[in-house]
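Thanks for asking me to look this one over.

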Amino acid sequence: MRLLLVEDELDIQSFLKSSLEEAGYQVAAASDGKTAELLAVDGVFDILVVDLGLPDMDGISLILKLRQLGVRAPVLILSARRSVDDRVRGLEQGGDDYLTKPFALAELLARLRNLLKRNSPTGNEATKLRVLDLDLDLLRREATRSGEVLQLTSQEFVLLEYLCRNAGRVVTRSMILDKVWGMRIQPDTNVVDVHIYRLRGKVDGKGQQPLIRTLRGVGYVIKDR
Amino acid sequence: MLVFVFLHRFVASDIQRRSDAWLAGEVEVLGDVAERTPKDALYDRVVGEVAELAGKEVPNRDPSESSSNDSVFFLQTSGDGALQLWVGAGNGEANLRAIRASRIVPDHPTDLDVRGFGVPFRVASIRIDDGSYIYLGLSERDELRVLRSLRLRFFLLWLLLVLFGFGIVFYTTRRMLSHVREITEAASRIGHSDLSARVPTTEQKDEVGNLARTLNRMLDRIENSMHQLHTITDSLAHDLRSPLTAIRGKLEMSLSTGSHGDQAEPIVSVIEELDRLTDFLNKSLDVAEAKADALRLTRIEVDLDELLRIMIDLYEPSMSEKGLRIRLQSGGPLRIEADAALIHRMIANLFDNELKHLPAACTVSLRLTVEDDCASLIVEDDGPGFDLEVFPHLFERRVKGRDSNGHGLGLAFVDAVARAHGGAVAASNRESGGARLAVTLPLFAISAGHGKASRKKTITSSLQS
């Protein structure tokens with residue numbers, strides 16, 4: 001996967017580059033709009049990560065310009081602005097996504113995967129998910145562990161489905177709030193944790209190998225091996 | 001009006017002066033004639049003829065009047081007061097009686113009321129040498145007629161002027177008020193956050209044009225300072241967020257690479273502190289902008305009923321973990337035009353507040369209704385209620401109860417979001433104990449006018465496990 005990273009803060013650029021490379025991306029980095037333009041036109045990228053506040057031009061203008069030049073790759077917008085303005089929302093509807101700073105690396109990686117998946121033509125939706133001995137039937141909305149049916153509420157099923165779709169990868173609390181409850185909020189109480197504890201109580205019974213792990217300060221992950 | 005009174009007086013006195021002069025002149029002539037004419041059989045005729053001639057030269061006379069002359073009389077009395085000669089309408093008895101009743105001084109014309117005549121006479125007299133008196137009377141009828149027609153004309157002119165003036169005033173006022181109305185409509189459209197619009201201006205140099213231009217200059221300044229505020233908050237946010245991003249990213253990387261168990265714990269707690277700091281930064285800036293009425297809203301349709309149900313679904317496990325119950329009373333879907341992200345965070349703040357401050361075994365009751373084009377959300381609990389010490393400052397920044405561990409922005413944020421949407425928040429302690437927060441939000445943005453839906457049906461739903 002070839003990724004173009006456009007970020008003017010060298011500090012952020014360097015750690016993003018190394019962690020993205022660690023995650024398996026081939027990363028080309030640019031610190032300003034002009035360089036980014038040249039790189040994007042020359043090379044073929046699968047995905048772009050663009051910071052909105054560039055020294056020579058506005059990130060949105062860069063994206064629009066690249067689109068005009070025929071760059072079709074999806075874009076993940078990084079914004080240090082607090083409120084996401086309408087133009088970013090417009091781009092989001094066009095298939096791109098945004099993330100406000102500061103963000104969890106896990107969230108950045110998850111959003112990149114989502115964007116790539118959305119753009120890949122294999123739209124064959126699975127009706128069953130399997131993580132080790134945990135089976136999810138997405139049509140019947142039923143979860144079984146080692147053949148035993150789990151008594152989940154519909155909300156708990158959605159949460160478990162989201163974790164399983166990202167099996168082996170970390171999901172943050174704000175990602176869970178966004179995807180499961182459809183809200184970008186930051187509660188200063190442990191509301192998400194309690195849901196996870198309850199779900200874990202039902203999924204990881206006594207004597208069974210625990211599947212749902214908590215990574216403190218980061219989020220949660222469901223083990224796939 | 002005053003002008004008319006003066007004019008009327010002037011004309012009246014002028015007419016009187018002229019008729020007095022005429023009377024004085026004629027009576028003198030008649031006296032002369034009477035004196036010189038020998039007292040024979042022809043005397044009566046000669047003097048009568050002269051008197052009648054004089055009567056035809058009456059000033060201000062209406063030419064259309066009939067020839068029968070009742071506007072002038074001539075009367076001669078002998079020294080003992082008996083009627084000697086009479087020229088005029090009737091037999092002169094009434095005139096004589098009236099003359100006798102009033103004292104008429106020679107050479108001074110006097111008003112005289114005579115029975116049988118509607119209008120008084122102006123009478124001049126002269127004494128001639130043979131001891132008889134000559135009286136010449138002129139009816140004031142013509143004089144009054146002239147004055148009446150003057151009054152009538154003046155009244156018509158006045159009426160015309162008043163109507164004309166009224167028309168002009170009506171027209172200009174309507175024109176001016178329509179400008180003012182346009183300005184008012186435009187100003188109300190500008191509303192809370194959209195400061196880019198301007199009121200319509202005209203090229204005219206009148207007061208309304210000035211008002212519009214002044215309003216626009218004021219809006220320019222407000223927009224400018226608002227823009228500066230946004231720039232400051234944006235750059236502040238940017239300047240703090242960039243290092244926060246770098247710090248958080250590096251910490252996360254060291255967490256994943258160096259998996260030394262004893263180092264992980266402090267790193268994790270630092271990341272958590274950073275997240276709290278970020279949250280605090282966001283809320284502070286939001287509250288600051290909202291206090292300055294500068295929150296940028298992107299309004300879409302939000303179903304409050306649905307949102308509350310999702311929130312309850314999200315918070316219910318945490319609440320029951322703490323021994324709290326939550327109930328919702330709502331009449332079904334209730335859509336408002338609002339900024340979804342802000343409303344989500346506002347409701348989350350209300351729930352966080354209850355979750356943090358309520359002791360175990362309490363119940364939170366939510367009631368969602370429609371009142372006067374506003375959605376009303378009442379959040380009540382049966383806990384200890386608001387701390388009386390902080391009560392007057394509940395919606396200010398950095399205010400929190402003694403036992404609170406939050407950063408004291410929660411209710412300030414709720415208030416700020418409600419006000420940015422044109423709504424309000426009211427807090428009180430219930431009589432039966434417990435806190436009560438009433439949030440009202442307009443159903444529609446000010447610019448959009450739609451019909452309102454009536455929601456009579458109330459479904460009570462209990463969402464407790």
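**Notes on the model**

1. Arg118(A) sits in α5 of chain A, residues 105-119 (helices are DSSP runs of H or I with at least four residues, strands runs of E with at least two, numbered from the N terminus). Because its relative accessibility is 49%, Arg118(A) counts as partly exposed (buried is under 20% relative accessible area, exposed over 50%, partly exposed in between, with a 1.4 Å probe and protein chains only). Its C-alpha atom is 9.8 Å from that of Asp96(A), 22 residues away along the chain.

2. A word on the basis: this is a predicted model, where local features need pLDDT of at least 70 and side-chain atom pairs pLDDT 80 or more, while totals for chains, interfaces and linings use all residues. Residues are numbered from 1 along each chain as written, chains are lettered from A and ligands numbered from 1 in written order, and side-chain values use heavy atoms, without hydrogens and water.

3. Do look at the second largest cavity, which is lined by residues including Ile185(A), Pro187(A), Lys283(B) and Arg345(B) (a cavity is a set of points on a 1 Å grid over the protein atoms alone where a 1.4 Å probe fits but cannot get out; lining residues have an atom within 4 Å of a point). Four lining residues, the largest share, come from α8(B).

Conventions:
On a 1 Å grid over the protein atoms alone, a cavity is a set of points where a 1.4 Å probe fits but cannot get out, and a pocket is an open set with protein on both sides within 12 Å along at least five of seven lines; lining residues have an atom within 4 Å of a point.
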